[in-house]
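Here is my note for you on this structure, written as numbered points. Keep the picture open while you read.

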Amino acid sequence: MGNLFVIIISSMLVSNVVLSQFLGICPFLGVSKKIETAAGMGAAVTFVITIASAITYPIYYFILEPAGLDYLETIAFILIIAALVQFIEMVLKKFMPALHASLGVYLPLITTNCAVLGVALNNVTDYAEESFGYGFACSVVRGLFTAIGFLIAIVIMASIRERCEYNDVPKSFQGTPIVLVTASLMAIAFCGFAGLV
Amino acid sequence: MNSCTERLKNGIITENPTFVMMLGMCPTLAVTSSAINGLGMGLSTTAVLVMSNLMISLLRKLIPDKVRIPAFIVVVASFVTVVQLLLEAYLPSLNSALGVYIPLIVVNCIILGRAEAYASKNPVLPSVFDGIGMGLGFTFGLTCIGICREVLGSGAIFGKTFIPDNFHITFFVLAPGAFLVLSFLTALQNKLKMPSATNVGAQGDIACGGNCAQCIGTSCAANKGILEAERAAEKAAKAKAAKEAAAKAKAAKEAAKKQEGKEKSQVAAAAAKEKED
């Protein structure tokens, strides 16, 4: 239990997926203009990463590793994630049209979000030696809280950017540079969590 | 041969993936803590890019249009696995330094972007040179950023230290430094008005950021169609409204004219009456 708590804190804050591992930078910079869209993207990523880490771990543990095919993990995982995203989109469209209407735009973009593949690969390298139940729990918890870390980072970023709109930014720093400076300051703030674990 | 040198120039300078197109930001920020890591990452990506461009260009007539993205992903992922195993065998130190970012070359936007935008539509030789050009451009970008961060952060270039320990700014090899260095480099580009994805003005309010070069989404094409249809409908409606307004104005004018005519005749009649009196 204590170990799971450490995983929660470290994946959400200490090694935040965007600000210290640099995964998922493209949506972090591209979709953070408004709080609503940022929150939508964050929610969609949370959804996909959690399900993807719950599916990829058993596939690695029960199929790839016993068959000695663990070097195929990259190919297998990217295909699983691409199929999963399509599948989630169809399921949402059929059974939860309201949720699909709010998350639908972001789902196709998530296939190439490196955070999803990165978390899946990190899970199997870190927890492949554990017993199945424990490794599975760790993977899902890590997936969920990594994604929540992404949600936190992108929502904070969007709210700062909304305020930046009204600021007098030097001409050459308008656009992407000021966003990157903001990200840098946020990363410094998140470095402060390093002492927690 | 002319088109090949043109592809090389296009990749390295005109459409440089790091500085001009701002693609593949994750590895750009993550592995550039030293120049050698940047160079290694750039060359690994180049290898994958050249091989996948070659393969996709060869297969371009065989791959059905509807499943092209999954097909591209499988091709790219295979070459990434090959590169990963080669690095593990022959350059274990680089492999451990780059870590998870080697398999993540699969989701690098540059590779899928080139496959989709160039290799799937062009013959083999230009596609290979396109891959080489783009790859070298990416390598150049990563190495530049790596050199900046390494000089500032650990006072060295390619591992050769020339600034004493006390003057290192460790901040620049840590995560926040990556964002800051990239921010200053793009600001410099804006200042010098060099072509870049960052200084072409706002990209619109589309939820995805409107950055189609980075995106392999399949529903976007449909969305774009819908958007265009909507725009056309809006335009038509506007034109119709304008026509109606014009017609109304015309009618009003005519009515006014008639009214005026009437008034005139009345006035004339009144004048005539007055004269008679």
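1. Let's start with a word that comes up a lot: contact means heavy atoms within 4.5 Å. Take Gly40(B), which touches Leu94(B) and Leu98(B) once its neighbours within four places in sequence are left aside. Gly40(B) sits in helix α3 of chain B, residues 35-58; helices here are DSSP runs of H or I with at least four residues, strands are runs of E with at least two, and both are numbered from the N terminus.

2. Before going further, some ground rules. This is a predicted model, where local features need pLDDT of at least 70 and side-chain atom pairs count only at pLDDT 80 or more, while totals for chains, interfaces and linings use all residues. Residues are numbered from 1 along each chain as its sequence is written, chains are lettered from A and ligands numbered from 1 in the order in which they are written, and side-chain values use heavy atoms, with hydrogens and water left out.

3. Back to Gly40(B): is it buried or exposed? Buried means under 20% relative accessible area, exposed means over 50%, and partly exposed is in between (1.4 Å probe, protein chains only). Gly40(B) has a relative accessible area of 11%, so it is buried. From C-alpha to C-alpha, Gly40(B) is 9.9 Å from Leu87(B), though 47 residues separate the two in sequence.

4. Now have a look at Met134(B), in helix α7 (residues 124-154) of chain B. Its relative accessible area is 0%, so Met134(B) is buried. Leaving aside neighbours within four places in sequence, Met134(B) is in contact with Asn10(B), Gly11(B), Glu15(B), Pro17(B), Leu49(B) and Arg114(B). Pick out Glu15(B) from that list: Met134(B) and Glu15(B) are 119 residues apart in sequence, yet their C-alpha atoms are 8.0 Å apart in space.

5. Which residues does Asn108(B) touch? Not counting residues up to four places away in sequence, they are Gly24(B), Pro27(B), Thr45(B) and Phe138(B). You'll find Asn108(B) in the loop between α5 (92-98) and α6 (109-119) of chain B. Asn108(B) counts as buried because its relative accessibility is 4%.

6. From the N terminus on, the order is α-α-α-α-α-α-α-β-β-α-α. Of the 277 residues in chain B, 42% are buried. If you take contacts in chain B between residues at least 6 apart in sequence, 72% of them join residues at least 24 apart.

7. Chain A has 9 helices and 0 strands, which gives the pattern α-α-α-α-α-α-α-α-α along the sequence. Buried residues make up 54% of its 197 residues. Among contacts in chain A with a separation of 6 or more, 79% come from residues 24 or more positions apart.

8. How do the overall dimensions of chain A look? Its C-alpha atoms fill a box of roughly 60 × 45 × 30 Å along the principal axes. The radius of gyration, taken over C-alpha atoms, can be checked against a globule rule of 2.2 Å times the number of residues to the power 0.38. For 197 residues, a compact globule would come near 16 Å, so the 18 Å of chain A agrees.

9. Next, the core. A nonpolar core is a set of buried Ala, Val, Leu, Ile, Met, Phe, Trp, Tyr and Cys residues joined through side-chain atoms within 4.5 Å. The largest one has 118 residues, and Phe28(A) and Phe77(A) have the most contacts inside it. Beyond its neighbours within four places in sequence, Phe77(A) is in contact with Thr56(A), Tyr60(A), Leu64(A), Leu117(A), Ala120(A), Leu121(A) and Val124(A).

10. Two backbone angles deserve a second look. Most residues other than glycine have a negative phi. Phe22(A) is not a glycine, but its phi is positive, about 55 degrees. Phe22(A) is in the loop between α1 (2-14) and α2 (25-30) of chain A, and at 5% relative accessibility it counts as buried. Phe158(B) also has a positive phi, near 50 degrees. Its loop runs between β1 (156-157) and β2 (160-161) of chain B, and with a relative accessible area of 37%, Phe158(B) is partly exposed.
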